[in-house]
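Dear colleague,

I am handing this structure over to you, and below it you will find an account of what was found in it. Please keep the structure open while you read.

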Amino acid sequence: MRRALLSLFVMGWLALLAAPQGVQAVEAPLSDPALEVRAQNLAREIRCVVCENEPVALSSAEIAVDMRKAIRERIAAGDSDAQVRRFFADRYGEFVLLRPRIGVDTIALWVTPLVLLLFGGLGLYLASRRSQAAPMSAPTVDDAQAMAALKEFENKSTSD
């Protein structure tokens, strides 16, 4: 059993070490270093449409290479960062942005957890106040009634 676990552990580490690290495709950087920094920052903000949860800066998929080239072309053409983001959002949908914009259509996604948390806290507060307002008390029983009920029970059980 130990050998099997050890071999699984070693195979897992070997698989992690054998996995490709970083981007394999080398692209020509922009001539202006400031523009290249903008391009790299944008490549970290735009999601690869194949890898889905990886920015195009880290993806080695062919479409990610094309997307990085498109980012550099748009920046070289004079587009602002917002225009480049809008270009990709129009082409692939808002999902392509790793940091989606906050707008009327996305405000529910941002506000709903806070509203649910507030309602849950309010519910807990009201429930605790209600239990404090009406403490549980033992019911009052008249001794004579209790004795009469006990005698009646004993009479029924002996007559059966």
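Among contacts in the protein chain (heavy atoms within 4.5 Å) between residues at least 6 apart in sequence, 51% join residues at least 24 apart. The model is a predicted one, in which local features need pLDDT of at least 70 and side-chain atom pairs count only at pLDDT 80 or more, while totals for chains, interfaces and linings use all residues. Residues are numbered from 1 along each chain as its sequence is written, and side-chain values use heavy atoms, with hydrogens and water left out.

The protein chain holds six helices and zero strands, where helices (H or I, at least four residues) and strands (E, at least two) are DSSP runs numbered from the N terminus. Read along the sequence, the pattern is therefore α-α-α-α-α-α. Of the 160 residues of the protein chain, 19% count as buried; buried means under 20% relative accessible area, exposed means over 50%, and partly exposed lies in between, with a 1.4 Å probe and protein chains only.

The core comes next. A nonpolar core is a set of buried Ala, Val, Leu, Ile, Met, Phe, Trp, Tyr and Cys residues joined through side-chain atoms within 4.5 Å. The largest one has 18 residues, of which Ile46, Val56, Ile71, Ile75, Val84 and Phe88 touch the most other members. At least two residues of this core are supplied by each of α2 (33–45), α3 (62–76) and α4 (81–92), and the largest share, five residues, comes from α3. In soluble globular proteins, nonpolar side chains tend to be buried together. Val84, when residues up to four places away in sequence are not counted, touches Leu42, Ile46, Ile71, Arg74, Ile75 and Asp79.

Helix α3 deserves a paragraph of its own. At 1.5 Å a residue, its 15 residues should span 21 Å, and its end C-alpha atoms are 21 Å apart, which agrees; the expected span of a helix is 1.5 Å times one less than its number of residues. The buried residues of α3 are Ala64, Val65, Met67, Arg68, Ala70, Ile71, Arg72 and Ile75, and what covers them includes α2 and α4. Arg72, which has its place in helix α3, is buried because its relative accessible area is 14%. With residues up to four places away in sequence left aside, Arg72 touches Glu27, Ala28, Pro29, Leu30, Glu36 and Ala39. Just after α3, Gly78 takes a positive phi of about 105 degrees.

Arg72 also brings us to the largest pocket, which is lined by 11 residues, with Gln40, Ala43, Ala57, Arg68 and Arg72 lying nearest its centre. On a 1 Å grid over the protein atoms alone, a pocket is an open set of points where a 1.4 Å probe fits, with protein on both sides within 12 Å along at least five of seven lines, and lining residues have an atom within 4 Å of a point. The elements that give two or more residues to this lining are α2 and α3, and the largest share, four residues, comes from α2. The lining divides into six nonpolar, one polar and four charged residues, where Ala, Val, Leu, Ile, Met, Phe, Trp, Tyr, Cys and Pro count as nonpolar, Asp, Glu, Lys and Arg as charged, and the others, Gly among them, as polar.

Pro55 and Val96 are 41 residues apart in sequence and 9.0 Å apart in space, C-alpha to C-alpha, while the C-alpha atoms of Asn53 and Phe95, 42 residues apart along the chain, are separated by 10.0 Å. Not counting residues up to four places away in sequence, Pro55 touches Ala43, Arg44, Ile46, Arg47, Cys48 and Leu98.

Further along, Pro100 has its place in the loop between α4 and α5 (107–133) and counts as partly exposed, at 36% relative accessibility. Lastly, helix α6 (residues 143–159) is hardly covered, since the count of buried residues among its 17 residues is zero.

With best regards
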